[in-house]
Amino acid sequence: MQTTHQIYAVSDSVDVLIKAVNDGATTIQLRDKSGNQETIRTKAKELVAFKVSQPRDFTFILNDDPTLAVEVGADGVHIGQDYPTQKAREIIGSKLILGKSTHSLEQGLAAQAEGVDYISVGPVFPTPTKPG
């Protein structure tokens with residue numbers, strides 16, 4: 001039996017994500033909560049260009065924006081509880097990866113029933129982007 005290991009890195013910094021790939025990350029997620037769409041678009045395009053130029057294979061997930069994920073050529077998108085799963089799937093189609101944040105067993109089971117490819121669970125500790 002073969003065991004595979006998924007090394008996942010999340011950041012709003014292109015440099016940090018590129019370093020993570022160079023250090024062996026197999027999946028990266030651009031999670032930029034600045035709200036500046038042009039900045040996020042630029043970062044996403046940089047990561048897609050890096051992916052195309054690299055001999056290493058890695059998966060690039062964009063946070064929160066299914067339309068931009070399709071536009072830039074990301075491998076998938078990660079959405080929160082505030083974004084309808086079916087709407088995201090309609091935008092990205094069946095070939096892109098769809099992930100969803102969950103915060104309870106019920107949300108995780110609902111996301112699974114809605115057809116997401118993976119769920120995240122948390123946060124385990126308080127974060128500055130999600131007060132309370």
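## A buried charged pair

Both Asp 32 and Lys 43 are buried, where buried means under 20% relative accessible area, exposed means over 50%, and partly exposed lies in between (1.4 Å probe, protein chains only). Their side chains meet in a salt bridge, with N to O at 2.7 Å; a salt bridge here is a side-chain nitrogen of Lys or Arg within 4 Å of a carboxyl oxygen of Asp or Glu. This pair links distant parts of the chain, 11 residues apart: Asp 32 sits in the loop between strand E2 (27-30) and helix H2 (37-53), and Lys 43 sits in helix H2. Helices (H or I, at least four residues) and strands (E, at least two) are DSSP runs, numbered from the N terminus.

## Basis of the model

This is a predicted model, in which local features need pLDDT of at least 70 and side-chain atom pairs count only at pLDDT 80 or more, while totals for chains, interfaces and linings use all residues. Residues are numbered from 1 along each chain as its sequence is written, and side-chain values use heavy atoms, with hydrogens and water left out.

## Other salt bridges

Side chains of opposite charge can pair when their charged atoms come close. The whole structure holds nine salt bridges. One of them joins Arg 41 and Glu 71, whose closest N and O atoms are 2.8 Å apart. Because Arg 41 lies in helix H2 and Glu 71 in helix H3 (residues 66-72), this pair ties together parts that are 30 residues apart in sequence. Glu 71 has 44% relative accessibility and so counts as partly exposed. Through salt bridges that share partners, Glu 38, Arg 41 and Glu 71 form one network.

Another salt bridge is formed by Asp 57 and Lys 51, with the closest N and O atoms 3.8 Å apart. Asp 57 counts as exposed, because its relative accessibility is 70%.

## The sheet

Six strands form an open sheet in the order E1-E2-E3-E4-E5-E6, with parallel pairing. Two strands pair if DSSP finds at least two bridges between them. Strand E1 (8-11) and strand E6 (118-121) stand at the edges with a single partner strand each, so one side of each has no neighbour in the sheet. From one strand to the next, the twist averages 25°.

E2 pairs with strand E3 (residues 59-63) in the parallel sense over four bridges. Gln 29 has Ile 61 in E3 as its bridge partner.

Methods:
Axes fitted to C-alpha atoms, helices over the stretch in contact; angles between N-to-C directions.
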